[in-house]
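Hi,

Here is the structure I promised to pass on.

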Amino acid sequence: MIALTLVCSVVIAFTWIPALAENFLKVKVKKTKQNRGIIYRYGQLIAWITKKRRRSVGIITLFFAVFISSFLLVTKIPMTVMPDIFNRYAEVMIELEPGVAPEQRKEIALEVHEQLQNITDVAYDLVIDNDDMLITLINMTPEDEQTMEQVKVNEEIMRSLRQLEKDYPIVNVLSSTEGTFGLPVQLTISGESLAGLVEVSKQVTAELQNINGIRSVVSDANHFSEELLVQWNEVNLQKDHISKTDVQQQMTFLFQHVPVGSLVKDGLAKPINLKANQAITKQSTLLDYEINTAIGPKKLANYISLMPVTTPTTIERQDGERYVRVMADIEDRDLGAVNRDVQALLKNMEVEDGYTVSLAGELEAQQDAFIDLLVIFAVSLFLVFLVMAVQFNSIKHPIIILSVIPITITGVIVGLFITQKELNILSGIGVIMLIGIVLNNGILLIDRVKQLRAQGMHTNEAIVLAGKDRIRPIFMTTLTTVGGMIPLAFATGASSGYQSPLAVVIISGLLFSTCITLVLIPAIYLLFEHMESGLKKIFTRKKEKKELPQEDIA
């Protein structure tokens, strides 16, 4: 859509705008007055820079130092993968232990409702019973009535509901920020031995709990269930001429409802099921149950014994290797800050041989997303460089223009730091959009310098005059773009989480780069000219030395 809009604007600029200008634009000749405004002072600044080489080198060094030092602010900027898609609304899933009775699920649901109603900014909630989980839909008070920001309300909701884990059979409380339920911090522990995975997960869990902002650390390795393992008495089975299959079929009937038909009453069909008349609730009852054999009824205890065992509720494998997950929630810190601490933890953690701990979940998604954005950013720079190299028929000029990009990144970092907007995928897209916008200013300036030098003007004079000629259109294009982005930067509502960070990136990057471009590009242009003239002198001297012996022979 953006590319199509730009193409249409170019077509209009070359067709419709000239026609309107010819008919409606009138130029009045004014008497020239001595200008002591911004343009005049800017020309004096550029003239001062061009007089001595060390001044241009000093300007470049200063801006390079600003660029490097700006990365110290990155750790102070909130980071996440995607902004919260909900506006004054939240969804929470409460995972229950298997086999919770309906009456107890109802009791938990009522307690959840009571906890939520104690939170000031919660308007009303709906708790849906979905077997082994409770899904809670929460609507908050409107923005004009809010007492807390949505992030704080979400944290208060999670904190209140997790208090129920002490008194009720609740496995976990999961929130949803991107339409799916889950915990933002997830680590995958891979290995073959289940006992080893349990030990490593305990070590990882203990280390995670020491990280600031980590809450509610849980592990799949802690999910075990008690089961009874059937052991067969082979001697009695052979003695009484009964097979394991016969015993198993009669045991299975004790726990099954077998459909045998249906009964139609008042036009409604009701199923008829056949089940045992004896409820099995104890081990002794099962072992005392009599089954039919060839020699008459016999107790099950003659053929089986029950041994209690502990088994994991789930066994998950990836690429044939068993793994468990350690998960945690975040409170009072952003995902980026926690991600840095978790990565430092993994780097310094020592685990047993044969076991690996790696990022998963939102931490892995954040890392992959930023790597993809860096690749796209590099490809965009390369494509822009090719276009400018063809346009200017030179490699030097595109490199000079691209030198604005680091300063643009500095402006983006400063803008996000001041506004405390999130650095996420939308912000990254804004940075990529900035490439084409900020380079236009450099193209305007360098193109004018080339025109003046083609007319025979000296390099220093051409740079000064080009800056004075282009400062007005550069500021006009910048301010019109910034003006169009200001409503998005201050947007509220459901889409503000997407629009605001993107607009802040474009505004801050564009303003900062525009102001710096008018000073940095002339300094870099002069540096390249000095380097080019120096190289020419070196090669000229070498050529003269090679030609000297031939002149002597002549």
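Below is what turned up, going from the whole chain down to single residues.

One thing to keep in mind from the start: this is a predicted model.

**The chain as a whole**

The protein chain has 554 residues, and 39% of them are buried. Its secondary structure comes to 16 helices and 16 strands. If you take the contacts in the chain with a separation of 6 or more, 74% of them are between residues 24 or more positions apart. As for the surface, the chain exposes about 32600 Å², and 58% of that comes from carbon and sulfur atoms.

How many disulfides are there? The count comes to 0. Cys8 counts as partly exposed because its relative accessibility is 39%, which falls between the 20% and 50% cut-offs. Cys515 is partly exposed too, at 44% relative accessibility.

**Helix α11 and the residue after it**

Helix α11 covers residues 361-392, which makes 32 residues. From first C-alpha to last it reaches 47 Å, close to the 46 Å expected at 1.5 Å a residue.

Which residues of α11 are buried? They are Leu363, Gln366, Ala369, Leu373, Phe377, Ser380, Phe385, Met388, Ala389 and Phe392.

Just after α11 comes Asn393, with a positive phi of about 55°. Asn393 sits in the loop between α11 and α12, and this positive value occurs in a residue other than glycine. Is Asn393 buried or exposed? It counts as exposed, because its relative accessibility is 72% and the cut-off is over 50%.

Gln420 is another residue to check for its backbone. Its phi is near 60°, again a positive value in a residue other than glycine. You will find Gln420 in the loop between α13 and α14. Gln420 is partly exposed, with a relative accessible area of 41%.

**How α14 and α15 pack**

Next, follow α14 on to helix α15, which is residues 459-489. At what angle do α14 and α15 pack? It is about 145°, and their axes are 8 Å apart. The crossing of the two helices is right-handed.

If you want to zoom in on where they meet, the α14 side includes Asn441, Leu444, Leu445, Arg448 and Leu452. On the α15 side, the residues include Ala462, Ile463, Ala466, Gly467, Arg470 and Ile474.

**Helix α5 and Glu156**

Helix α5 runs over residues 150-162 and contains Glu156. The helix has 13 residues and reaches 18 Å from its first C-alpha to its last, close to the 18 Å expected. Its buried residues include Val153, Ile157, Met158 and Leu161, and also Asn154, Glu155 and Arg162. Glu156 is partly exposed, with a relative accessible area of 27%. Glu156 and Ile119 are 37 residues apart in sequence, but their C-alpha atoms are 7.5 Å apart in space.

**Asn212 in its loop**

Last stop: Asn212, in the loop between α6 (194-208) and β7 (214-219). Asn212 is exposed, because its relative accessible area of 54% is over the 50% cut-off. Which residues does Asn212 contact, leaving aside its neighbours within four places in sequence? The answer is Arg333 and Val338. The C-alpha atoms of Asn212 and Glu331 are separated by 8.7 Å, although the two residues are 119 apart along the chain.

Cheers

Methods:
Residues numbered from 1 in each chain as written. Predicted model: local features only at pLDDT ≥ 70, side-chain atom pairs only at ≥ 80, totals over all residues. Heavy atoms only, no water. Helix = DSSP H or I, 4+ residues; strand = E, 2+ residues; numbered from the N terminus. Expected span 1.5 Å × (residues − 1). Buried < 20%, exposed > 50% of the residue type's maximum accessible area, 1.4 Å probe, protein only. Disulfide = S-S within 2.5 Å. Contact = heavy atoms within 4.5 Å. Areas by Shrake-Rupley, 256 points an atom, 1.4 Å probe, with all protein chains shown as cover. Axes fitted to C-alpha atoms, helices over the stretch in contact; angles between N-to-C directions. Left-handed = near helix turned anticlockwise from the far one by under 90°.
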